[in-house]
Amino acid sequence: MYKKIGFLASLWILVFTACTNQKQYFEESGSVFHTLYHIKYEAPELLTEKIDAEFQKFNLSLNPFNPNSIIAKVNRNEPVEADDWFIEVFNKATEVSNNSEGLFDITCAPLINLWGFGFSKMDSVTPLMIDSIKQFVGYQKVKLNGRQVVKDDPRILLNCSAIAKGYASDIIARLLEREGVKNYMVEIGGEVAMKGVNQNGDCWLIGINKPEDDSTGIKNEIDEVVQLCKKGGVATSGNYRNYYVKDGKKYAHTIDPRTGYPSEQNILSATIVADDCITADAYATAFMAMGLEKARQAAKNIPGIEYYVIYSDENGKHQIEYSKGMLQYLPDRQSEAILNE
């Protein structure tokens with residue numbers, strides 16, 4: 001893990017606050033869980049050591065690539081008790097699975113591996129291979145009994161990567177709040193938890209990237225800006241740099257865990273605003289798998305979430321749709337709405 005620490009204040013302020021213990025904005029960045037993080041917060045002093053300690057605790061709970069983590073031991077069927085963090089993530093994943101008719105599923109990693117990154121193995125996958133793997137895929141085949149994880153099949157593997165970054169952002173946000181921090185922005189792998197205002201006294205701004213035909217990921221043109229003036233989470237899921245074309249239309253590379261086959265959905269990017277980042281992260285992923293029609297209907301029945309989606313229409317052109325409640329977080333759209341009244 002690498003990190004960089006910066007001060008969002010001039011030198012004379014630093015000298016002055018060293019004597020008065022006045023709060024100032026700090027910025028920390030680095031790499032954790034195979035992704036990048038950026039944290040900004042207002043506090044009397046740096047909280048680097050406490051943030052690092054929280055990351056390490058998370059690493060020992062939910063990182064499947066750490067052989068000593070709880071989730072890795074669960075996957076190896078070793079005796080282990082789930083901690084509070086594992087239980088919270090598992091329960092949220094189950095909630096989202098139920099609300100998405102099983103399209104969000106933390107057991108589907110074997111199917112994703114079967115098809116290969118970018119569906120590179122599409123021509124070699126057979127129905128027999130899919131049927132074989134489907135025997136140990138399905139969120140309803142694993143449960144919690146107290147702090148024990150109970151599997152219907154020992155081959156079941158859990159991978160919470162579609163929800164863990166959002167939850168990690170919440171974990172660091174909770175730490176900052178315990179330390180008395182009222183203004184912060186925690187971003188881990190693009191999933192953001194925030195509260196209060198930035199160093200300029202303005203609400204936090206989060207950019208949504210415009211879908212580009214660019215597999216390198218170099219292009220990062222902003223399509224929309226989300227402005228959050230309250231405590232909450234923002235997460236975006238997008239496979240528009242990893243898609244395939246069929247009959248002139250773009251489809252995101254999403255697996256339907258119920259069938260084991262690619263799900264031809266037209267959503268290229270889904271951004272969710274929710275009360276916390278774990279919820280935003282999970283539903284952003286779920287919306288990608290659900291497609292526009294199902295996502296639109298699901299949003300009506302799920303309290304506390306708003307959405308902004310970029311999708312490909314029948315002619316292959318990019319279109320946007322957002323929920324009515326999302327408008328309050330879109331300052332540019334608010335200006336347009338006023339002009340159009």
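Residues are numbered from 1 along each chain as its sequence is written, and because the model is predicted, local features need pLDDT of at least 70 and side-chain atom pairs count only at pLDDT 80 or more, while totals for chains, interfaces and linings use all residues. Side-chain values use heavy atoms, with hydrogens and water left out.

Helices (H or I, at least four residues) and strands (E, at least two) are DSSP runs numbered from the N terminus. Helix H7 covers residues 161-178, and its end C-alpha atoms lie 26 Å apart, in agreement with the 26 Å that its 18 residues should span at 1.5 Å a residue, where the expected span is 1.5 Å times one less than the number of residues. Among the residues of H7 that are buried are Ile163, Tyr167 and Leu176, buried meaning under 20% relative accessible area, exposed over 50% and partly exposed in between (1.4 Å probe, protein chains only). Just after H7, Gly180 takes a positive phi of about 85 degrees.

A salt bridge is a side-chain nitrogen of Lys or Arg within 4 Å of a carboxyl oxygen of Asp or Glu, and by this rule the count comes to 16. Glu177, which is partly exposed at a relative accessible area of 27%, forms a salt bridge with Lys231 at 3.1 Å, N to O. Since Glu177 lies in helix H7 and Lys231 in the loop between strands S9 and S10, the pair ties together parts that are 54 residues apart in sequence. The side chain of Glu177 also meets that of Lys195 in a salt bridge (4.0 Å, N to O).
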